[in-house]
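Hi everyone, thanks for coming.

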2 protein chains.
Amino acid sequence: MGEARDKAELAQKAATSLAKLDSISRNQALLAMADALEREQDYLLAENALDVAAAQEKGIEESLIDRLLLNEGRISAIADALRTLAGQNDPIGALTEGRTLYNGLRLRRIRVPLGVVAMIYEARPNVTADAAGLCLKTANACLLRGGSIANHSNISMTRVLYEAGLAAGLPEFWLQSIETTDRAATTELMTLTGLIDVLIPRGSASLIRTTVENARVPVIETGEGNCHLYIHEAADPEIIVPIALNAKTQRPGVCNAIESVLIDAVVAEHLAPPLLEALAEADVLIHADETIFALAQGLGDKVSRQTVQAEAADWGREYLCLELSIKCVSGVEEAIEHINRYSTHHSEAILSQDYAAVSRFLEEVDSAAVYANASTRFTDGGEFGLGAEIGISTQKLHARGPMGLDALTSTKFIIEGDGQIRA
Amino acid sequence: MGEARDKAELAQKAATSLAKLDSISRNQALLAMADALEREQDYLLAENALDVAAAQEKGIEESLIDRLLLNEGRISAIADALRTLAGQNDPIGALTEGRTLYNGLRLRRIRVPLGVVAMIYEARPNVTADAAGLCLKTANACLLRGGSIANHSNISMTRVLYEAGLAAGLPEFWLQSIETTDRAATTELMTLTGLIDVLIPRGSASLIRTTVENARVPVIETGEGNCHLYIHEAADPEIIVPIALNAKTQRPGVCNAIESVLIDAVVAEHLAPPLLEALAEADVLIHADETIFALAQGLGDKVSRQTVQAEAADWGREYLCLELSIKCVSGVEEAIEHINRYSTHHSEAILSQDYAAVSRFLEEVDSAAVYANASTRFTDGGEFGLGAEIGISTQKLHARGPMGLDALTSTKFIIEGDGQIRA
């Protein structure tokens with residue numbers, strides 16, 4: 001009987017009440033929560049400062065501290081995200097199919113909440129508000145387990161959001177955060193079969209793997225992205241450099257950034273040099289196969305300084321920084337095989353003006369999002385027109401790719417009759 | 001490295017080839033498989049007879065042996081189910097959404113196979129052909145783990161189906177059965193993360209619980225049904241007995257049969273007696289609460305002999321035989337609370353002519369299928385117009401209620417552009 005089980009039981013009760021709330025009530029609570037975040041800004045920043053100071057004292061790396069940090073602008077952005085969510089269509093109650101059966105039974109299938117949604121995440125306090133908002137929008141009770149490094153930030157933000165929701169008419173325990181920093185609580189959370197309807201890990205690859213390996217409750221695996229850009233021999237030379245730079249350097253730390261480039265060997269000598277020069281100019285470290293490495297040596301100091309020989313492990317690596325691997329392939333068949341072998345099945349792109357090559361790539365690459373002649377950076381709920389995004393699923397069950405609000409719903413069949421019995 | 005892992009790796013390779021097969025090829029293979037079952041009937045019956053004889057020697061109960069038994073009629077029915085499946089629409093490649101994005105990117109979302117589908121089941125050899133057919137129809141590779149009691153039947157049926165499929169052009173290892181009766185193979189199967197895309201247990205409640213508790217791969221929980229019939233004070237008296245008898249006695253051993261009746265206390269004296277008499281006449285053993293037990297004592301020998309006092313454990317019991325529990329409630333609110341507490345969230349029905357009571361019941365009962373004025377026995381893929389059924393999901397993730405072919409699919413986003421990069 002730990003904190004996780006106790007809170008999950010309370011969440012399950014709250015879920016029953018939440019499921020009865022209409023859309024207007026839930027949206028008004030979202031707006032009240034946004035206002036409360038801005039009103040309680042000083043308190044939130046003071047609590048966040050405690051986490052940041054402790055992290056600095058521990059000598060935690062700067063990029064992680066930046067993710068942890070809240071400021072006025074970030075709080076406004078978090079509040080605005082809640083306001084945007086309030087304006088989105090309500091998925092709950094939507095009819096997904098319906099028909100009259102042969103015996104006159106009238107059947108409808110409608111979207112309903114999942115029940116209790118739990119989320120495990122790391123150092124980003126904005127996930128607290130995101131998760132609370134997404135769960136409330138879909139009438140699910142929300143149970144959060146944030147990283148211990150952000151504990152003051154998470155507890156304070158949960159408190160502000162919870163109180164604002166309660167004042168706006170939400171049921172008790174609609175939102176809860178596990179407060180102990182004891183790791184056993186995380187393990188307990190993962191094993192609450194029958195209490196947690198879905199557990200979503202958001203964060204590092206190791207967090208996601210640990211969750212998938214240990215959870216007994218249903219999990220949606222998110223995030224890891226070893227994404228590929230394949231330059232086919234018939235690629236339009238004009239779009240190669242802009243797309244490669246966008247996909248690698250615009251935000252190197254995100255899951256839809258590319259980690260590997262494949263290029264048809266027959267055009268490598270012609271098409272690779274401008275690409276290598278642009279990548280080197282952008283300070284990208286290039287892990288090159290033999291052919292590309294040799295080419296790079298003839299391209300001047302900057303390029304050769306930024307190029308190293310790839311090891312076998314590079315093909316499966318998600319760098320999440322200004323590094324990528326490049327490999328020559330014999331054509332679309334080898335490119336597809338390589339991708340299906342090494343990819344995390346997130347996002348992959350082909351650049352080609354050849355109809356057959358594009359068709360084959362789009363059909364045979366087994367990833368959540370497959371592109372022709374565009375940057376992989378578009379894999380995102382907002383960009384795809386799905387509205388607010390819960391994460392990007394890299395599994396095939398329930399949800400695949402960017403998850404919109406529908407991913408936090410289930411369905412229920414409603415059947416109305418006049419005394420029908422089965423023959 | 002046991003048999004389960006080895007076969008799962010081969011299945012993963014087969015899945016890649018299966019995904020490239022068009023619908024005509026898959027349907028032709030289904031027809032060839034149906035023909036082969038009828039052609040190889042003598043072999044299948046001989047192998048099945050070995051299992052039946054061994055089961056009889058072990059003194060296994062008659063109902064289990066009946067489920068294990070094959071005969072000419074049953075083999076024809078299994079073959080015909082494959083032929084029907086061949087005639088159904090192909091879910092693979094279906095467009096589920098599509099739009100042109102703000103930047104001109106053309107986005108489509110299409111149905112794709114899950115990849116490798118594994119099934120664990122018990123003594124019913126028809127599941128072997130069902131599972132093989134459903135997986136092939138949806139272009140998934142199929143890995144089967146049948147019960148050891150049916151091992152000869154499963155191995156022989158897998159062999160006949162596999163060879164017929166191979167001759168019809170399916171890839172090697174499209175269908176495999178785990179042949180060892182070593183239980184460690186089942187445990188191994190449950191932990192093949194990254195190799196198995198979904199594991200579906202079909203059979204007893206204990207099989208399903210063991211799978212949910214131990215699996216590391218994604219699972220779809222099926223089956224358990226503690227289903228309720230609620231007789232509201234405004235129920236049409238004409239439909240009570242026919243629906244209760246149909247829902248309890250037509251096939252008592254199935255998951256959509258009722259296990260519990262709730263009745264409004266104010267009408268119990270008036271409406272319960274004819275119901276108790278009809279149930280007793282049909283040899284149903286009635287576990288009654290105090291009020292109903294007292295009523296039953298005044299209804300003559302047959303009824304009082306068939307009625308016992310309910311214990312607390314009866315409300316959560318799935319009898320799967322000619323027994324049920326009956327309890328008086330104070331109205332729709334208590335009925336809903338009782339059901340949401342004790343139900344396995346499968347199928348529940350209200351009998352009422354009161355609009356508000358029906359609306360509230362349909363909205364607030366949290367089960368996969370909720371009925372007004374009809375028997376719960378209709379919860380079935382075929383009855384619901386979904387075509388062939390994989391099972392009935394009692395979880396909320398991925399699929400809920402009767403699962404048609406769509407439940408064996410995932411989706412993929414395809415995005416086509418002209419050089420778009422993200423701003």
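This is a predicted model: local features need pLDDT of at least 70, side-chain atom pairs count only at pLDDT 80 or more; totals for chains, interfaces and linings use all residues.

Let's begin with chain A as a whole. Its secondary structure comes to 15 helices and 16 strands. Along the principal axes, its C-alpha trace spans about 75 × 70 × 35 Å. Of the 423 residues in chain A, 52% are buried. As for contacts in chain A with a separation of 6 or more, 72% of them link residues 24 or more positions apart.

Now to where the chains meet. How many residues of chain A are in contact with chain B? There are 56, and they touch 56 residues of chain B. On the chain A side, the elements that give two or more residues are helices H9 (205–214), H10 (237–249) and H15 (355–364), together with strands E13 (369–374) and E16 (409–420). E16(A) gives the most, with eleven residues. Sorted by class, that side of chain A has 24 nonpolar, 17 polar and 15 charged residues.

Strand pairing crosses between the chains as well. E13(A) and strand E16 (residues 409–420) of chain B run parallel, joined by five bridges. If you'd like a pair to look for, A:Tyr371 stands opposite B:Ile415 in E16(B).

Let's follow E16(B) into its own chain. Eight bridges join E16(B) to E2(B), and here the strands run antiparallel. In this pairing, B:Ile110 stands opposite B:Lys412. Strand E2 (residues 106–113) of chain B also pairs with strand E1 (residues 95–100) of chain B, in the antiparallel sense, over five bridges. There, B:Arg99 has B:Leu107 in E2(B) as its bridge partner. The hairpin of E1(B) and E2(B) has five residues between the strands, and B:Gly104 in that hairpin takes a positive phi near 90 degrees.

Where does H11(B) bend? The bend is at B:Leu271, by about 55 degrees, and a proline, B:Pro273, follows within four residues. Buried residues in H11(B) include B:Ala268, B:Leu271, B:Ala272, B:Leu275 and B:Leu279. An α-helix has 3.6 residues a turn, so residues three or four places apart point the same way.

Finally, some backbone angles. Just after H11(B), B:Asp283 takes a positive phi of about 65 degrees. In chain A, A:Asp283 also has a positive phi of about 65 degrees, although it is not a glycine. A:Asp283 lies in the loop between helix H11 (265–281) and strand E9 (285–288) of chain A. Is A:Asp283 buried or exposed? It has 11 C-beta neighbours inside 10 Å, so A:Asp283 counts as exposed.

B:His345 is another non-glycine with a positive phi of about 65 degrees. You'll find B:His345 in the loop between helix H14 (332–342) and strand E12 (347–351) of chain B. With 25 other C-beta atoms within 10 Å, B:His345 is buried.

That's my tour, and I'm happy to take questions.

Terms used:
Residues are numbered from 1 along each chain as its sequence is written. Chains are lettered from A and ligands numbered from 1 in the order in which they are written. Two residues are in contact if their C-beta atoms, placed from the backbone, lie within 7 Å. Ala, Val, Leu, Ile, Met, Phe, Trp, Tyr, Cys and Pro count as nonpolar, Asp, Glu, Lys and Arg as charged, and the others, Gly among them, as polar. Two strands pair if DSSP finds at least two bridges between them. A residue is buried if 20 or more other C-beta atoms lie within 10 Å of its own, exposed if 12 or fewer, and partly exposed in between; C-beta atoms are placed from the backbone. The bend at a residue is the angle between axes fitted to the seven residues ending there and the seven starting there.
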